[in-house]
Amino acid sequence: MEFLQLFNLTFIVVVLYLIVRLLISFWISPARTYMKLKENGFGGPTPNFPLGNIEEMKKISTSSVASASSGSLGAVSNDIHSTVFPYFAQWQMSYGKVFIYWLGTEPFLYIADPEFLRRMSTGVMGKSWGKPNVFKHDRKPMFGNGLVMAEGDDWVRHRHIITPALSPATVKTMASLMVDSTTKMLNKWTSLLNSGCLEIDVEKEIIATAGEIIAKTSFGIGYKNGRQAFKKLRAMQITLFKNNRYVGVPFNRRNSKGGYPQKDLLGLLLEENHEEGRLGKTLTLTTRELVDECKTFFFGGHETTALALTWTLLLLAVHPEWQNQLREEITQVTGNKEIDFSMLAGLKKMKWVMDEVLRLYPPAPNAQRQIRDDITVNNLTIPTGTNVWIDLVGMHHDPNLWGEDVSQFKPERFDNDLYGGCNHKMGYLPFGFGGRMCIGRHLSTMEYKIVLSLMLSSVSAISRACVFPLWLRDCVIWKIIESTFDF
Ligand code: HEM
């Protein structure tokens, strides 16, 4: 009897404890942050418990999709902010470029004001930024605690080890395998068209090729294993499968002699890891961390570059004059020889095109942070724990920063200007900012130039004939079909 009473009492105490924990996490602590933010003068849409502003976001999106789909199919507008993130565009009109909104019980400080961002980030080192806990949990199957999600000293250690593996000097050795994968894709298209195929899903093809390239550059795995790993990782990405598995990552990296045969990213990381004498014991990655970094390379590294290439094809279809300029440049630079790393620096106009595509259609449309220590900006305090949502698309499409031609495709704005004429240096951030800037930007620029050069050299004209938009969640996906390519 006494045992039963003790058991019941323990049970009640445990349940009460859990209820209090839940209340603190989901109610008291977010409400406290909310009050602090309000006291500091930040405005924003009123949240409802427990969904925050999610319902309102859905409602605004639905009505925006309805009005977009009633529009003309033929018209291609680059003015995407109000269609892709209609709720932000709408809230900006009521609350300005810095405000609070809520995803569930999590408050987010929305920022589309580069000067506010500059002031907020001045003095905060890369390692002092947090990443929102809510995303860490949600994206764990994709990134684990890889560089994208790591914080503090862990982030410093990971970044220190990975940086040499993705330096310009290292990635140049990967050019020839990018040429191989792209040539294979283009040969496949030619035989598909020759055998009467009427439709090529270019976006899917480019994503698969970019996946193969990143599988080869990251893990040194060949075509067959690469495709298998790619399929599995893609499936995981799409379903955000919660079960944490080591998918497609080979562990037995050492050959029988104990060496590292290939200079792929994983091989380079293992080498860095192996040289304990040089980096010191504390600067190594565990097997779990290596696996997380490989997944991070894969997820961070293939779709971003593939999206940039797909949008480029669409924009070149709409702007044949730029196709001609790029073709001329490629011929001048390569002299009709096979492209290699030494030629890439000469592709200047292609770099302007890339910069303009990343401005209009940034593959990473936002950056997120979590405040780990109160930050004061313009006498306003952003309290610890606040999540930050930096709207890169919003800034890249802001006429106040870029001028009235903000929605036009004008690569020449990047001629001799790293910021494309933007009137604030933090208004153009396709690769992020500060110490946490994209570590794969050299690799992706090289891949972009190689893939696009080979495509433009083998396809005589990309026409506008059959380009139509499909809506997929909050992203506009374009399908470019057969008659777009004129071999
Ligand atoms: C066009 C291609 C790419 C774009 C537009 C892009 C964009 C970005 C952006 C905006 C960030 C900063 C995110 C933040 O501040 O929260 C970032 C970080 C990162 N990117 Fe990329 N990325 C690209 C290609 C790649 C590639 C090819 C790789 C790897 C091979 C890669 C790996 C990473 C990693 C690991 C981080 C986290 C860096 C850190 O927090 O220290 N990215 N990327």
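Q: How many residues surround the ligand, and which are the closest?
A: A residue counts as near a molecule if its C-beta atom, placed from the backbone, lies within 6 Å of it. In this predicted model, 24 residues surround the ligand, and the closest are G300, G301, G432, C438 and G440.

Q: Which elements give two or more residues to the shell around the ligand?
A: They are α15 (287–301), α16 (303–318), β3 (366–370) and α22 (441–458). The largest share, four residues, comes from α15.

Q: Which strands pair with β6, and in which sense?
A: In a regular strand the side chains alternate between the two faces of the sheet. Here β2 (residues 106–111) pairs with β6 in the parallel sense over four bridges, and I111 stands opposite I390 in β6. Strand β3 runs antiparallel to β6, with five bridges joining them; Q370 stands opposite N387 in β6.

Q: Is β6 mostly covered or mostly uncovered?
A: A residue is called buried if 20 or more other C-beta atoms lie within 10 Å of its own. In β6 (residues 387–391), four of the five residues are buried, so by this definition the strand is mostly covered.

Conventions: Residues are numbered from 1 along each chain as its sequence is written. This is a predicted model: local features need pLDDT of at least 70, side-chain atom pairs count only at pLDDT 80 or more; totals for chains, interfaces and linings use all residues. A residue is buried if 20 or more other C-beta atoms lie within 10 Å of its own, exposed if 12 or fewer, and partly exposed in between; C-beta atoms are placed from the backbone. Two strands pair if DSSP finds at least two bridges between them.
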